[in-house]
Amino acid sequence: MNLRPVVQTTRGIQTSDGAGVRLRRLMGGGGALPSIDPFLLLDFFDSPRAQDYIAGFPAHPHRGFETVTYMLAGRMRHQDNKGGEGVIEPGGIQWMTAGRGLVHSEMPEQTEGLMRGFQLWVNLPASRKMTEPGYQEYPSSRMPVESREGGARVKVIAGSTSQGTAGPVTADATDARYFDVELAEGASFTEPLPRDHAAFVVVHEGRMDVAGREVQGVGLAQLGAGDAVRFAAVGGPARALLVSGRPLSEPVAWHGPFVMNTTAELMQAIDDYQAGRF
Ligand code: FE
């Protein structure tokens, strides 16, 4: 087994987005690390102070990719211009395929208390950028948790583990996997990953040794080539996301909430949005 090394780590940069939501940008969009094809952007929000999140993300468009919102604490209400609406509860996932486009808002469904979670942007290939918008949305209770000997618990959100536990979300275009792995003190986790996948680990509680590099929460470790990943809790229990997917290897033309292949397609997206064709 050839373990993947860590090629880069980051704790992200502090920024704000939406109507003034304080967040830590870990990847893409001018963040600490460039995008890791097929993953465009990763934000982490984590605050007990309403002033940091209450303004939320009022109506805005998306086209050409998927947004993946995973709530660890707090509740987020979303509403789109096609009649879609729901609340993502703590531990819940919303895997939204924006496809050809929609306009939605993402607003805190609370006025106090902790709001903590991630939003990941997953690119779509040219053949699917203009697909119909759709949602895969599941509460925590719908996601299987695989318990392994030695104190690892793997919540499977998307894709399947090597032991065959399948998450409710499927992301065919990129074969994406999205696991939330909890390790007891002293526990470790080893998992094969397809050689052609790009992959990263995001420690979000405690500290871990990821392929020999210590990473503290919240911290992202980008993995290099190999056929398996290994990480271990250091100094107490720890928890991390493991995300992987098949790179698209296509040109990326990105402007704000639109991610296409060419500048002409971007111009078309802006035109369509401004003309109310989303
Ligand atoms: Fe959005």
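This is a predicted model: local features need pLDDT of at least 70, side-chain atom pairs count only at pLDDT 80 or more; totals for chains, interfaces and linings use all residues.
Residues are numbered from 1 along each chain as its sequence is written, and side-chain values use heavy atoms, with hydrogens and water left out.

**Overall build**

The C-alpha trace spans about 55 × 40 × 30 Å along its principal axes. The secondary structure comes to 1 helix and 22 strands. Helices (H or I, at least four residues) and strands (E, at least two) are DSSP runs, numbered from the N terminus. Buried residues make up 54% of the 278. Buried means under 20% relative accessible area, exposed over 50%, and partly exposed in between (1.4 Å probe, protein chains only). Of contacts between residues at least 6 apart in sequence, 69% join residues at least 24 apart. Contact means heavy atoms within 4.5 Å.

**The iron site**

The iron ion has protein donors H60 (NE2), H62 (NE2), H104 (NE2) and E106 (OE), at 2.1 to 2.3 Å. Donors are N, O and S atoms within 2.8 Å of the metal (3.2 Å for Na, K and Ca); water is not among the atoms, so sites may look incomplete. Along the chain the donors follow the spacing H-x1-H-x41-H-x1-E. H60 is buried at 16% relative accessible area. H104 is buried at 1%.

The angles among the 4 donor atoms run from 85 to 179 degrees, and the site is irregular. Four donors count as tetrahedral if all angles lie between 85 and 135 degrees; four count as square planar and six as octahedral if opposite donors are over 155 degrees apart and all others between 65 and 115; anything else is irregular.

**Nonpolar cores**

The largest nonpolar core has 30 residues; L42, W95, F118, L120, Y178, F200 and V202 touch the most other members. Such a core is a set of buried Ala, Val, Leu, Ile, Met, Phe, Trp, Tyr and Cys residues joined through side-chain atoms within 4.5 Å. Strands that each supply at least two residues of this core include strand 4 (39-47), strand 11 (115-123) and strand 20 (228-245). A second, separate core of 24 residues includes V181, A187, V203 and L223. Beyond its neighbours within four places in sequence, L120 contacts F39, L41, L42, E66, T67, V68, Y178, F200 and V243.

**Backbone exceptions**

Most residues other than glycine have a negative phi, and most peptide bonds are trans. The table lists exceptions.

| Site | Feature | Angle |
|---|---|---|
| D37 and P38 | cis peptide bond | omega about 15 degrees |
| G217 and V218 | cis peptide bond | omega about -10 degrees |
| A211 | positive phi, not a glycine | phi about 45 degrees |
| S249 | positive phi, not a glycine | phi about 50 degrees |

P38 is in the loop between strand 3 and strand 4. V218 lies in the loop between strand 18 (213-216) and strand 19 (219-223). A211 is in the loop between strand 17 and strand 18, and is partly exposed at 39% relative accessible area. S249 is exposed at 65%.
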